[in-house]
Amino acid sequence: MRKIIPYVLLVPTFLIIGMFIYWPAVYSLRLSTCRLSPFGNRMIFVGFRNFVKLFNNKEYLFSIRVTVLYVLLSVVITIFLSFFIALLLEMKVPGHTIYRMLIFTPYAISPAIAGTLWSFLLNPVVGHVNYLFSKFFGISVDWITSKPYAFYAIVFASVWKTMPFDVIFYLAGLQNIPDDLLEASTLDGANWWTRTWKIIFPLLSPITFYLVIMNIISFMFASFAIVDVMTKGGPGNYTTTMIYRLFLDAFAFQKTGLASAESVVLFVIMAIITFLYFKYAERKVHYQ
Amino acid sequence: MRKTRRRMINTIIVEIILVIFTLIVAMPLFLAITISLQRPELVFSYPPKIFPRGFYVKNYIDAFNLVPLLRLLLNSLIMASMITLGKIITGTLAGYAFANFRFKGKEVSFALLFATLFLPAETVMIVPLFLIMKKFGWVNTYWALTVPFMASATNTFLMRQHFMTIPKELEDAARIDGATPMQYFFKILLPLSKSMIAGASIINFVYAWNMYLWPLVVTMEDKMKTVQIGVKMLIDAESANNWGVIMAGTIVVLFPTLLMFLILQNMFVKSLVRSGLKS
């Protein structure tokens, strides 16, 4: 009796994972090597033709470029900003609980709303941020529809939305670092900078590694909502990321074979990231 | 003396940076509230106002009339609750199997689950997943919005991790007293895991409430759409570009999760960190 219980317990989870993750994964492999017959009722095997087509497609290659630049820029800004803010919050100056609470709030806000809020702030007529930019830097543009500002606009929204997540983890990490180490870095003015980067930041590297991976995932996928709400991939295809390209090819242009090949590419990227994570996580020394 | 002076200067500098930074982070929300309470003529006045003049609630009424916000709120509530419930049920059951039982194929099944940890199927494999929904006849139904997300590796590991911290003696004692494994699960293990389950629930709820791409693709009729899509509908529907109305709708959509977060912040933070730092 006791022998079959664990299997029964696992049934619901594996039913769902199998049906909605493993099956689609296999299905997308099959779709990506096929072409739908003109009436959509038969699949014709075409081998790697979809992939060849994909990697000769200028728009797709451009979307890879956009994604790499956008993810890289957003990850670097988010990580360093969050680390710095967590460090300041950990010094527990008067009022830090209020600062912390307000700085955490974007965590509860969705990417779609982050995009809406920043569309509003950057709006050339009603937006406050646009007003400040025109006042202080003489930049008065329609951010959402002009190059290169549309790109910065989605980076603003993405960093704003993702940063609290990172701050939360860095704060948790800092709590496990001995107080005297932090104290020394707080008070010794001249050495503050070097100590911070040479001692504290390396101590938190397992967290940084985890956050970089989580941030890459969120910028690659959750950013869809930000792009869709703010720029719709425009102007032209200037802010069309890979996931937005996939959405366009699959649902706007109905190119199932091509879109499935794009799915497989994303799938492979995720597999590599997962593999790297576990490879590193196995060796890593836990700070806990 | 010099040390205390230096400490004070240090505190003041930190304080100033934090205030500036907090203002920048909180500003979008604050200004959105301001403009949502503004009459149309004030919305378009230049330079934009920082504090609200008056208390113009009509923007909120307009937002509810422009898109079926009430229905969308209900849909999001149903979707987020069902996903949360599903993830907790499957997660506790599977977590129990992995934490308390030894069985053949444990390593393999664990690895199979582990491999899906970073795989958001609803975005990466959206095409095949959509075609599967079509096969099932689930397009445009609550089934498509909820069932595919009712299990996750993250929840299973979280539960497993927690169950492993509960002393083995408890299980042995229960068995000696004649309790079946399922009695032990329901009567002892689950009650001992209340705070863990509560924490995981709110994180799952916020995640589901904020989903965007999948509901966008899998729902066609307005009456099946969710609030996140409603925000985009508002932007498209508000032809005069009255940001007062758009922001009013936005505030309504973000309010439930924001309120939850502000009230339960400590629980959120603890569970989030726990779910991230599994080994």
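Let's start with chain B, where the domain assignment gives domain 1 (2-56) and domain 2 (61-276). Keep in mind that this is a predicted model. The centres of domain 1 and domain 2 of chain B, taken over C-alpha atoms, are separated by 33 Å.

How many residues of domain 1 of chain B are in contact with domain 2 of chain B? The count is 7 residues of domain 1 against 7 residues of domain 2. On the domain 1 side, the elements giving two or more residues are α1 (2-36) and α2 (40-43) of chain B. Of these, α1(B) gives the most, with 4 residues. By type, that side of domain 1 divides into 5 nonpolar, 2 polar and no charged residues.

Now for the contact between the chains: 77 residues of chain A are in contact with 76 residues of chain B. On the chain A side, the largest share comes from helix α1 (residues 5-32) of chain A, with 17 residues. Here is how the residues on two of these sides divide:

Next comes the nonpolar core. The largest one has 154 residues, and the members that touch the most others are Trp118(A), Ala153(A), Ile154(A), Ala157(A), Phe224(A), Met230(A) and Leu213(B). Which helix gives the most to this core? That's helix α7 (residues 149-174) of chain A, with 15 residues. On the chain B side, domain 1 (2-56) and domain 2 (61-276) both give residues to the core, so it lies between them.

Ile154(A) is worth a look up close. Leaving out residues up to four places away in sequence, Ile154(A) touches Tyr70(A), Ile226(A), Val227(A), Met230(A), Thr231(A) and Thr239(A). One of these, Met230(A), is also among the core members that touch the most others.

Finally, chain A as a whole. Chain A has 12 helices and 2 strands, and along the sequence they follow the pattern α-β-β-α-α-α-α-α-α-α-α-α-α-α. The C-alpha trace of chain A spans about 70 × 70 × 30 Å along its principal axes. Of its 288 residues, 44% count as buried. As for contacts in chain A with a separation of 6 or more, 69% of them are between residues 24 or more positions apart.

Terms used:
Residues numbered from 1 in each chain as written. Chains lettered and ligands numbered in written order. Predicted model: local features only at pLDDT ≥ 70, side-chain atom pairs only at ≥ 80, totals over all residues. Contact = placed C-beta atoms within 7 Å. Core = buried A, V, L, I, M, F, W, Y, C linked by C-beta atoms within 7 Å. Buried ≥ 20, exposed ≤ 12 C-beta atoms within 10 Å, placed from the backbone. Domains from an automatic or database assignment. Nonpolar A, V, L, I, M, F, W, Y, C, P; charged D, E, K, R; others polar.
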